[in-house]
Amino acid sequence: MQEKRVPEDADRSAVRVAIIIPAYGQPSLTAEALRSALNQRTDFSYAIVVVNDGCPDPSTRDVCLTFATANPGRIFYLQKSNGGLSAARNTGIDFSLAAFPELEGVYFLDCDNRIGPYLLQRLLTALRASEEHIGWAYTDVDKFGFVEFGDTSGPYSPLEHLFRNVSEAGSMAARRMLDAGIRFDTQMRRGVEDWEFWLHGLEMGFHGVHVPDAGFRYRRRGESMLVAAERDFGPILDYIRSRHPALFLPGALLAREIAEKSRYAVYHPDTGRVSRLTAPSEREFLDRDDYLRRLLQSCERPDYGRCPGHLVVMDENLYDVLAERRMLAGILWTLECTVRRATFAAVNFRSMADSKTTPRWLRENILCDRSAGTVPLPEEVQIIALEASVLLAHARPGGNFESLALQAAKRSEGLVLTANIPDLLSSERNAAAALTNLGKALADIALREHAHLWRAAPLIRYRSHPAMPRDIYAHLGLPSIFPCDVPASSRQRAALIVEPGTSDALAAADRMRDRLGRQWNVDLVIIGDEIETSLLASHDYTEIVLLPREALRVLSGTADHRIYNGTAIPCLDGFGSEDAIATLAAYQLVVSVTSHLAHPLMGSLRQLKVETCCLLQAASSHRSPGELVNACAAFEQAYDSIVAEDRTALHLCSALGIPQRKLHLWHDWRPWREAPQPSLES
Amino acid sequence: MIIYAEKACFPSLYEALPKLLLLGSPESVTELNEQFLWLAIYRDCQDRIVLTSANRQPMPQPELLPLEVPPANVWAMWVPAVGDEGIAKSLMQWWAAEGGDATVPVLVHGDRATLDRTLLARSLHERSRLVSANERLLCDLAALRESFETHIRIPREVEELLENLRLAPLRLVLTNPVPTSDISVPMYGPMDRPSGEGASIRQRLPISAHGFAGLDLSITHPGTGEGQLHLDLIVRDEGLTLATWRAPFHKLHRGLLPVRLGKVMTQHWRSLELHIAAEGAGDPPRLAIAPTGLLPEYSLIPAMGADAQPEPSMLVMRLWGGLPGVVTSVRGNASALGLPPPNPVIPIDETSIAGVRLTREINASYPCFGHLGGDRVLLRPFPNKVSAAVVALPAIAHLVAVSCSVAVDEKRCETRKLGARLVVMAPGHSPDEAERGAGALAVSEWVELDHPLEARTLKARLSEPHQGPLDLHLFTRLPKGGAIQHVRMVFQGFEAEIQEHAIGSMSTLLPCSEEERPPCADNSNIRSARWDLEAMSQ
């Protein structure tokens, strides 16, 4: 309320902000919009640019011209042929840039909305105070008519903006963003063009800044709700994603998620601190109480990514050992996959020196107390994982942390996985007790921070929750993707898939790794519950991912293979298949190393723009060359290239109908040198 | 075809002033009418078609901008000479393509008299249009006035019904923790109050205006000397003052000060802020504060120049809500009807509800009892035995009744006459005693659900106000022969009714009137809605 009023005789050369109003129909509502635009209280000059988008109703022109006549030098009126909302806004932008040399920003006001008297002042003040990469200022969406409050508060999260339109059109774009050539997409005439506009800014490196209490009022009527209900968002959002593949390809999404460290909070009972991360390479330490405070805040106010959605309890000592063995990301991923099936997942490591296989996952189900609707925590486990929201549900004074409330939507209640990993340093098997203590500490902090009082406050909470990857990757049809590290360097990521039971598979994978060379970071992905111990330790992979097949099986008795021309091809169940695709989705190259299990996954991976390759090496498989090639031929269309070990296999491939253009002989085959260029085609 | 404009006159092309476009030499035209902006066209040395102001002297090498949109409100394109028809035709085509047919100006061939006749016809047309528009507007206003007078008339029966409904109690929306410190209200002399919001303590309220009925402030020191406490309720994004309260220091004392609106608010403003200052001489009042805890964004902002708080703190407050538009029951609306005013109601907090425990063992292989989150408690009935559970409640000062609702939350349930009961006991009694009502402080009747999905209210009223902790016993029972399938009986909406005078020892403060509101130069343009003053009564 300290803002000063604009001088009426402001020199238009000193105009700092233009309010752009596309006008089409609704003349009386346009009058309301214009009136609210004229009532701005600012300490700078501003202009109003009305763009009549070829409205056939002459009253639109009459109303706009009436206001323009009564406010010379304040309102400018442009009438153009109908080209849609985006084109009208672009016309307003171009006019403003040409007419007002001192322009610092433009505000987009739709002709049926209104703005509070301090909106321009507060948005421009925020832009002026921002760093250079801030491209726009946005505010909450206070809907009137059918009342609703769109709370867009909290720090701007680029990751959240990719799956939720947090910036309405009623925002102010800074001059620097307009100078970068960012305009509305005139092809978009069915709505949501504002989201595309801001995402265009995001793609060019700009971020938004939220401004509270600015006073943007969005008219919500039965008609607009009907339009929203009838609009088919799917194709529109697909179009936006196709326009900005650099934002939406799995690798790009993952890179942002890794940077935000928003997936796992790993509590270390031995050091009392918490690691916040998505991938091990980008890790932040938090004080335990700081984490717990974040967790409590996460369900009261929007702040996307500040509190991870998964909670893992694991000694830091064990964390470091697993990281050193390049198994940490894989173990965390296995736990995440398990938590999709169960209220909690726990892991125990054994070190049986005489065992010939590793990790040898075994599974034990923990059953719940049905009468109480709770599931008890297991005793003596080294790692325990759950969704953070489960712990939150117990965060009240006197809350019981020896058992957890059952998540009814989950297929299993609690799963304990046991893995044999030789020579693993022993660590305390106190994860469940540590979780109980963590829960008690959470309850103490909740009491200290008056969390139960804030819980009762009538706040808008639809954006308030710990960050879960399912929000980010839902458009890919996946609940998450494996956070294979996306390096800042130009090196690309490849995954080699092997499955147990193939005596020389790891040797073949090793040769493939060498063939790929230093341009590639190569991960080994094992789909199965165990693999030979002696072969695992010597290989130089960036990460070793173990995806237990049997231990995570949800349904028993379902068909686990299909027959193609006499060859049995094993299949994963629904969950297993989803896990496997999610594991491989962010790689540039995925190579099946004589794995039958990998074949059915490749079609989905191709859709995700992953390059797919099949290595056929009979020596590394217990199957005959004929079986290997026949199984590959069943899925040949899903592969970009098929590499045969020798000429005999090559001829066999050709004979079974695999196209020549895909076939390569091992000695001649060269891996891709560059990452595939993202395509605009969906 | 590309049309250019001189940059100097570019913005004026889109102002609303009517324009005339001259295709020919401006020198040949005398008397350029000042009611119009006269535009002229020429070809520059690069053979570009350039639009300029006919009133301006031509510049040697003007900066040019290509036009994407034709100029606004051009009444006519005048071609006085015979040789310029070609360019006129091209121009008209460009105009229609870029601006649409409706924007194309009238083409006038001939002398000045011809142009004047055209302009006269257009002027008369415009006049006619404006007369029509004005007449429509007058009719709209008349219809609106008429509808206010005639159509929005509430029948007396409905008014009576509303008066009864208006006895709905105030409900506690939010309270904050025990005070840990206090803060002095900034105080100014009558003439030296600085302008602007920095002169006040500012406290953001975590509630929207819709349903807001008022608040209680905790006063630790009432202030001495001659002075007044000033409170303003502000909508921050609109700069709107919703209500102003004043309280002389001598009317204040230590304890809770009930600050109420005359009616529960109906508007939907979101960004409510309470501004607090004092005016006069002497010691200003002090208000209790408490740590903000989890959400520091609701911390108070001290007045300019005041010491910052060592940790994020907020005023100790209790926020009250009610039915929008309903009087807050402090003005005697109820007494006018001969009814006692309804007591305020406090929701029983989730922490207490979550501590619910079974008092009679149940053996079942499916969920039959438990806290379901929020304030919901599941207690399934079983044949031949009344199911029982208890919630331990902390002391609630001046408690006079406890209530909750009960219903089945499983749509497939078809069992009727399911029974539920609420019994309030002092701590330490068995469920059997509670069921018999032996020594009970309050008992509800057994309520039977005629339809399992329709909620019924259970209310246990105490014979006299209670101050200490107590046990809330919950019972459910199955009717004889009733099917046991899907009978998920859920209690929820637990509330405690307290005596009105328990809120505060001071009289209720109501908003002051427009006349009594202090002048505020800074807010001269701020729209305000204010309520009549009701003098503070002892």
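Which residues is A:Val274 in contact with, leaving aside its neighbours within four places in sequence? They are A:Ala265, A:Val266, A:Tyr267, A:Leu286, A:Arg288 and A:Tyr291, where contact means that the C-beta atoms, placed from the backbone, lie within 7 Å.

## Model and conventions

This is a predicted model, in which local features need pLDDT of at least 70, side-chain atom pairs count only at pLDDT 80 or more, and totals for chains, interfaces and linings use all residues. Residues are numbered from 1 along each chain as its sequence is written, while chains are lettered from A and ligands numbered from 1 in the order in which they are written.

## Chain A overall

Chain A has 24 helices and 32 strands; these are DSSP runs numbered from the N terminus, helices being H or I of at least four residues and strands E of at least two. Of its 682 residues, 53% are buried. A residue is buried if 20 or more other C-beta atoms lie within 10 Å of its own, exposed if 12 or fewer, and partly exposed in between, with C-beta atoms placed from the backbone. Among contacts in chain A with a separation of 6 or more, 78% are between residues 24 or more positions apart.

UniProt, in an unreviewed entry, lists residues 19-132 of chain A as "domain: Glycosyltransferase 2-like". UniProt positions are given in the numbering used here, feature names are shortened, and annotations may be inferred rather than shown by experiment. Over residues 19-132, chain A is 44% helix and 21% strand, and the end C-alpha atoms are 22 Å apart.

A:Val274 belongs to strand E13 (residues 273-277) of chain A. A:Val274 is buried because 28 other C-beta atoms lie within 10 Å. Its C-alpha atom is 22 Å from that of A:Asn400, which is 126 residues away along the chain.

B:Lys411 sits in the loop between strand E25 (399-408) and strand E26 (418-425) of chain B. B:Lys411 has 9 other C-beta atoms within 10 Å, so B:Lys411 is exposed. From B:Lys411 to B:His371 is 40 residues in sequence and 20 Å in space, C-alpha to C-alpha.

## Nonpolar cores

A nonpolar core is a set of buried Ala, Val, Leu, Ile, Met, Phe, Trp, Tyr and Cys residues joined through C-beta atoms within 7 Å. The largest core has 243 residues, of which A:Ile383, A:Ile384, A:Leu496 and A:Leu584 touch the most other members. Helix H16 (residues 431-448) of chain A gives this core its largest share, nine residues. Not counting residues up to four places away in sequence, A:Ile384 touches A:Val313, A:Phe344, A:Ala346, A:Ala431, A:Ala432 and A:Leu435. Another core, of 98 residues, lies apart from it and includes A:Leu123, A:Phe216, B:Leu20 and B:Val79.

In helix H21 (residues 574-584) of chain A, the buried residues are A:Gly576, A:Asp579, A:Ala580, A:Ile581, A:Ala582, A:Thr583 and A:Leu584. Their cover includes helix H14 (328-339), strand E23 (492-498), strand E24 (520-527), strand E26 (543-547), strand E29 (589-593) and helix H22 (602-607) of chain A.

In strand E30 (residues 611-616) of chain A, six of six residues are buried. A:Glu611, A:Cys613 and A:Leu615 point one way, and A:Thr612, A:Cys614 and A:Leu616 the other way. E29(A) and E30(A) run parallel and are joined by five bridges; A:Val590 stands opposite A:Thr612.

## A sheet in chain B

Seven strands of chain B form an open sheet with mixed pairing, in the order E5-E1-E4-E3-E2-E6-E7; strands pair if DSSP finds at least two bridges between them. Strand E5 (64-66) and strand E7 (106-109) of chain B are at the edges with a single partner strand each, so one side of each is left without a neighbour in the sheet. The twist averages 30° from one strand to the next.

Strand E6 (residues 74-79) of chain B pairs with E7(B) in the parallel sense over four bridges, and B:Trp78 stands opposite B:Val108. H1(B) packs on the sheet, and its direction makes about 155° with that of E6(B). Axes are lines fitted to C-alpha atoms, for helices over the stretch in contact, and angles run from 0 to 180 degrees between N-to-C directions.

## Contact between the chains

The contact takes 55 residues from chain A and 52 residues from chain B. Helix H1 (85-99), strand E8 (171-175), helix H5 (350-354) and strand E22 (369-371) of chain B each supply at least two residues of the side that touches chain A.

Terms used:
Two residues are in contact if their C-beta atoms, placed from the backbone, lie within 7 Å.
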